[in-house]
Structure formats: C-alpha cells, structure tokens
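Please consider the sequence and the model below.

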Amino acid sequence: MSLSNCRFYEEKYPEIDSFVMVNVKQIADMGAYVKLLEYDNIDGMILLSELSRRRIRSIQKLIRVGRNEVVVVLRVDKEKGYIDLSKRRVSPEDIVRCEERYNKSKIVHSIMRHVAEKTQTPIETLYETIGWPLNKKYGHALDAFKLSITNPDIWTDIKFPTDADAEELKSYIGKKLTPQPTKVRADIEVTCFGYEGIDAIKTALRTAEARNTDEAQVKCRLVSPPLYVLTNTCLDKNAGIARLEEAIVDVRTSIESAGGNLVVKMAPKAVTESDDAELQALMEKRERENAEVSGDESVSESDDNIPAAV
C-alpha cells in the first residue's frame, strides 16, 4: 500500500450520474482522455459528442490538456475499467457543488498524507479506519475534523491503527484547521464645526464601541484629525465587516444629529500585516508632525483640545 496515493472515497468507482473532478491528459479524435482525481487517477474518457451542446469547431477551445474539469459519469464498466464521461451535461450549479466537495476532499487528503508519512501507516489504512467512516457519519470527513477541534467526542467510535496515528492526526488538525483571526478595518473622517464640536466627535466615536461583545470588539483609533480608524478582529470576516458597517452607521447618526459629518475614506475590509504596518507608519509620521507643531507658539488653544485618542 502507498503512503501518499489513495482514492478519496470508499467506493472504488464513481456512481453513474455523479459529478467528478478530472484532469485532462490527452485530446484525440474520439474525445479527451482524463484522470479521475478523486478516484486515485483512474482513467476516463469524455467522448467528442459529450464535450459541448454546440457544434464543435475547435476542441482546443472547449478543453485543454492539463486543465481540471467537472464532468458527469455516464457509464462505468468495472470489469474493463472504462468510464465514459460528459462535460456538456454539467450545469454551472453542478460545477460549484463538485468544486466545493473536491476542495474539501483535497484538504482531507493532505492531512491523511501528512499522517501517513509521519507514522509510516499506509494512507489507505487511514482512510479505511478514519476518513471513510467519518464521511459516512458526518457527510464529509473535513466537517468532522473541524468539529473535533472543539468536540473530542468525534473520535469515540474511531479505531485508530496506532496511538501514534491518533496523536499525529489530532495535533495536525489543530494546527491546520483551527480558525485564524482576521483583522477588519475601516477609515473614516469625522468632523463637526459647531460649538460643541470636539465633544460631539468624542460622543459619536464612542458609539462605535457601544455594542461591543466578547465576540465582536470594535476599537477606534485616531490617526490625525479628522481621520480615525475602526478595527475589529474576528474569526468570521463577513461578520467582522458587517459589525464595522453597523458601527459606521452609529457614528454617522450621532455626529449628524450634532450638525457634523462623516465620510468613509476606506470601506470595511480585511487587512494584511503590511496594511497594518503602513497605518502604523502613517500614525507615527503624524505624531512627529504634531510634536513639531506643538512647540510653535502660534498654535491656538482650541487645537490642543483635539482628542489624542478615543
């Protein structure tokens, strides 16, 4: 048995009418020869008549060597090992579902291969004892792997080949699949030139943090008046963006009620470490500029009252 190669699913051959991911190996007069990526690269063929619903003028425009394609299984001859496939009978929705399943299965396979190489247990043995039973019980082994991070009971019915396999698998799942926090940021300009302008800005910016919970913590930082940055570190990027959008609405409502204005300079989005570094450099630059100006006697008293941080 191999340490790295094995089909992703318990069935040796795909079922008729199921959708599979293939890689195109050769194009011939009869059609395209492919490898079924989820079934240990067994051979299949897309007949010329099954490539497209339209009249075929150039096969090269329809299918290319080296490209992955989603196809549907038409016929399976297990004795001869023939698998006939169709590309023209696949809808856009079928492609999305198949790609999602294939990508999940690829992650499981990379985990299984890692454990096999570390423990020298054949990868098919790992699939037989761990992967395929989890597929049956949870729909997909990847869903079970993710659930196991917070619920160790997942492993109750699993009979690991060795203790080393169990230890390595659980450890690697923790490293590979534990969600990583995402930092979401928005840049806003807040101004208010009324008599209570500075207090109105302070009050408005505090509303950004008013709805904070343990799971969603919005923070507001001053870059240099009137520019402020709202940040939120979270596990779900979309939820983090939604929370910042909500905070911007709260700040805008508050400042406009006081006669002020809010302008979004950068809409909420996930940011990288380099984005953070650029922001930090900008803040340090503005701080140096403010320090230089603070020695100038011409600065008015009202400037000194601008909040350094909120």
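**Cysteines and helix packing**

In this predicted model, the sulfur of Cys220 lies 15 Å from the closest cysteine sulfur, that of Cys192, which is too far for a bond. A disulfide requires two cysteine sulfur atoms within 2.5 Å. Cys220 counts as buried because its relative accessibility is 5%, and the cut-off for buried is under 20%.

The structure as a whole holds zero disulfides. Cys6, accordingly, takes part in none, and the nearest cysteine sulfur, in Cys98, is 18 Å away. With a relative accessibility of 4%, Cys6 also counts as buried.

The helices may be considered next. Two packed helices are described by the angle between their axes and by the distance between those axes. For helix H4 (residues 141-148) and helix H5 (residues 163-177), the axes come within 9 Å and cross at roughly 90°. H4 and H5 are therefore roughly perpendicular to each other. On the H4 side, the contact involves Leu142, Phe145, Lys146 and Ser148, which meet Leu169, Ile173 and Leu177 of H5. By class, the residues of this contact comprise five nonpolar, one polar and one charged.

Which residues of H4 are buried? They are Ala141, Leu142, Ala144, Phe145 and Ser148. Viewed down the axis of H4, these buried residues fall within an arc of 160°, so they line one face of the helix. The partners against which the buried residues of H4 pack are helix H2 (92-119), helix H3 (123-138) and H5.

How values were computed:
Residues numbered from 1 in each chain as written. Predicted model: local features only at pLDDT ≥ 70, side-chain atom pairs only at ≥ 80, totals over all residues. Heavy atoms only, no water. Buried < 20%, exposed > 50% of the residue type's maximum accessible area, 1.4 Å probe, protein only. Axes fitted to C-alpha atoms, helices over the stretch in contact; angles between N-to-C directions. Helix = DSSP H or I, 4+ residues; strand = E, 2+ residues; numbered from the N terminus. Parallel < 35°, antiparallel > 145°, perpendicular 65-115°, else oblique. Contact = heavy atoms within 4.5 Å. Nonpolar A, V, L, I, M, F, W, Y, C, P; charged D, E, K, R; others polar. Arc of directions from axis to C-beta.
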